[in-house]
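Subject: Structure for your review, with notes on packing and pairing

Dear colleague,

I am handing over the structure below, followed by an account of what was found in it. Please read the notes with the coordinates open beside them.

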Amino acid sequence: MSDALLSKSWPGFLRPDGRKGIRNLVLIIYTVECAQHVSYAIGHGEEDTHVIGFPGCYDNAYAIRLMLALARHPNVGAVLSVGLGCEYTQPEKIADTVRASGRPAEWFFIQQAGGTRTSVAKGKEIVARLRAQIRRETPRVPMTLADLTVGCECGGSDGTSGLAGNPAVGAFFDLLVDAGGRAIFEETVEMIGLREHMLARAANAEAKEQLAQAYDKAERYCRAVRQWSVSPGNFAGGLTTIEEKSLGAFAKGGTRPIQGVIRVAEQPREPGLWILDSVPDEHFMQFGYTNPNDTEGLMDLISAGSQIVLFVTGRGSVIGSPVAPLIKITGNSATFRAMEEDMDFDAGRALAGEITIPQAGAELAALVTRIAAGEPSKPEQLGHREYFIMYKHQETPSLAAGCRA
Amino acid sequence: MTPRCFQIQPSDNVATLIDDAAPGLVQVLGATRGEVAALDKIDRGHKIALRDIAPGEAIVKFGVRIGRATKPIARGTWVHLHNLASDLDDRSGTLDLHSGAPTDTASAYV
């Protein structure tokens with residue numbers, strides 16, 4: 001890697017747990033669907049303010065852990081939690097947990113604040129106050145690639161994703177890992193057919209055991225629901241089998257050893273390359289789906305602490321994400337030209353012979369550092385903040401282990 | 001311009017089209033260089049057989065088995081849902097060849 005890239009530094013936002021953020025956001029969290037409209041209305045037009053939440057009235061441990069991981073994400077400086085007043089999920093507990101992490105946090109129930117307009121006005125006043133406070137008080141510190149956690153998933157894949165889009169990310173992930181950063185990729189249901197191939201990449205015996213368990217669970221899950229992670233658009237794009245799609249998807253993992261498997265809302269303990277398992281665990285009642293859509297996967301990667309997420313698409317996509325900026329990459333130059341206003345990076349140039357895959361990886365690393373330094377990605381510029389969360393059961397570690405206080 | 005296809009590993013018996021191809025000559029790039037005569041119209045992103053492949057034989061891409069041939073495949077043939085099946089996904093033989101749409105749930109839409 002070039003020394004220039006390795007030593008490239010930009011100012012970040014220091015959080016109380018020592019992690020560094022690339023954005024300084026106020027996060028609004030609604031605790032039931034009934035509070036969703038008011039929460040988005042509070043966030044509407046507010047700078048550096050994003051919205052997440054959970055639609056269910058009955059709470060779910062998985063969903064609460066996911067929200068708390070986002071609330072204490074390095075890109076988040078302060079939180080406002082908004083409830084209706086009769087749901088299970090408690091906005092006061094969310095605010096308390098966030099405050100315990102050293103961040104300012106407030107909460108209120110709409111039923112106690114008044115109606116829609118009163119609640120929106122109250123919320124906007126709180127957001128303005130929190131934003132002013134974190135802008136004033138958050139320490140700025142230098143960051144380098146070694147301070148970054150970057151997640152990647154692919155969606156809307158075609159024949160170019162495995163040839164150029166994902167290999168370009170793989171080349172970047174090798175650079176990031178060598179620089180001391182953390183790289184995360186997921187979609188164990190898209191590793192089906194690659195059991196031995198994947199286990200051979202394990203960094204040690206413990207990682208190998210974790211990979212074997214995650215793989216076997218994913219295959220049992222796919223057999224049970226008779227749904228393999230491959231869709232009509234993939235077939236029309238030239239992919240024929242799940243095994244073929246898996247190999248293309250796995251290419252984004254680059255070539256470095258895999259340190260282990262993490263679950264949703266859990267952070268990689270050490271630098272290096274990690275796999276995120278988002279498949280539901282077996283439970284007395286089977287519920288939760290894996291990979292219901294692309295946005296869920298991105299939220300999983302952000303919950304693991306990714307300050308930036310990468311999305312590789314062959315057929316094209318127009319999504320973005322809250323909390324962490326999304327960078328959209330395509331291996332299909334025709335898709336890049338057709339959707340240039342949404343696409344950040346054209347890896348298809350590697351197929352045309354204009355650049356090599358390692359060059360694409362280095363270019364991508366340079367783009368990641370620019371976005372980390374504050375340049376908005378295309379989805380950020382367009383205001384895309386698609387968000388998705390669902391009921392699921394995962395035997396994830398305790399909050400203390402999963403999300404550092 | 002002659003349409004191009006890309007072979008990832010030398011052991012691959014299929015290559016991926018980078019351009020849309022009509023029956024006729026296709027340039028092979030990647031692990032090996034050369035030409036293959038396409039027997040079918042093959043769209044960009046889809047696969048072409050680089051060798052004759054017998055029924056039951058593994059289809060290899062990325063140097064790894066991605067499924068098995070369900071009928072004899074001659075060099076130059078379009079390789080897709082009509083002649084390649086997954087070893088795992090039992091629905092893969094039921095999908096519409098061109099759109100990839102499922103056909104085994106047709107009754108659910110009535």
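Predicted model: local features only at pLDDT ≥ 70, side-chain atom pairs only at ≥ 80, totals over all residues.

Helix H2 of chain A covers residues 36-43 and helix H6 of chain A covers residues 116-137, and their axes come within 8 Å while crossing at roughly 45°. At that angle H2(A) and H6(A) are therefore oblique to each other. On the H2(A) side the contact is made by A:His37, A:Val38, A:Ala41 and A:Ile42, which meet A:Thr116, A:Ser119, A:Val120, A:Gly123, A:Lys124 and A:Val127 in H6(A). Sorted by class, the residues of this contact are five nonpolar, four polar and one charged.

A second pair in chain A is formed by helix H3 (residues 61-71) and H12(A), which pack at an angle of about 60° with their axes 8 Å apart. This pair, too, is classed by its angle, and H3(A) and H12(A) are therefore oblique to each other; the crossing, however, is left-handed. The residues that make the contact are A:Tyr62, A:Leu66, A:Ala69 and A:Leu70 of H3(A), together with A:Glu296, A:Met299, A:Asp300, A:Ile302 and A:Ser303 of H12(A). By class, the contact of H3(A) with H12(A) comprises six nonpolar, one polar and two charged residues.

From H7(A) the contact draws on A:Leu163, A:Ala164, A:Pro167, A:Ala168, A:Val169, A:Ala171, A:Phe172 and A:Leu175, which meet A:Ile357, A:Pro358, A:Ala360, A:Gly361, A:Ala362, A:Leu364, A:Ala365 and A:Val368 in H14(A). The class count for this contact is 15 nonpolar, one polar and no charged residues.

Turning to the strands, chain A has an open sheet of three strands in the order E2-E1-E7, with antiparallel pairing. Strand E2 (20-21) and strand E7 (140-143) of chain A each have a single partner strand and stand at the edges, so one side of each is left without a neighbour in the sheet. Strand E1 (residues 10-14) of chain A is joined to E7(A) by four bridges and runs antiparallel to it, with A:Trp10 standing opposite A:Met143. E1(A) also pairs with E2(A) in the antiparallel sense, over two bridges, and here A:Phe13 stands opposite A:Gly21. The hairpin of E1(A) and E2(A) has five residues between the strands, and in it A:Gly18 takes a positive phi near 95°.

Chain B also has an open sheet of three strands, in the order E6-E7-E9, and the pairing is antiparallel. Its edges are strand E6 (58-61) and strand E9 (84-85) of chain B, each with a single partner strand, so one side of each is left without a neighbour in the sheet. Two bridges join strand E7 (residues 64-69) of chain B to E9(B), the two running antiparallel, and the bridge partner of B:Arg68 in E9(B) is B:Ala85. Helix H11 (residues 242-250) of chain A packs on this sheet, where it touches E6 and E7 of chain B, and its direction makes about 160° with that of E7(B).

Elsewhere in chain B, strand E3 (residues 24-30) and strand E4 (residues 34-38) run antiparallel and are joined by five bridges. B:Val26 stands opposite B:Val36 in E4(B), and E3(B) and E4(B) form a hairpin with three residues between them.

Finally, the salt bridges over all chains come to 33. One of the salt bridges joins A:Lys217 and A:Asp281, whose closest N and O atoms are 2.7 Å apart. A:Lys217 lies in helix H9 (residues 205-225) of chain A, and A:Asp281 in the loop between strand E11 (272-277) and helix H12 (294-303) of chain A, so the pair ties together parts that are 64 residues apart in sequence.

Terms used
Residues numbered from 1 in each chain as written. Chains lettered and ligands numbered in written order. Heavy atoms only, no water. Pairing = 2+ DSSP bridges. Axes fitted to C-alpha atoms, helices over the stretch in contact; angles between N-to-C directions. Parallel < 35°, antiparallel > 145°, perpendicular 65-115°, else oblique. Contact = heavy atoms within 4.5 Å. Nonpolar A, V, L, I, M, F, W, Y, C, P; charged D, E, K, R; others polar. Salt bridge = Lys/Arg side-chain N within 4 Å of Asp/Glu carboxyl O. Left-handed = near helix turned anticlockwise from the far one by under 90°.
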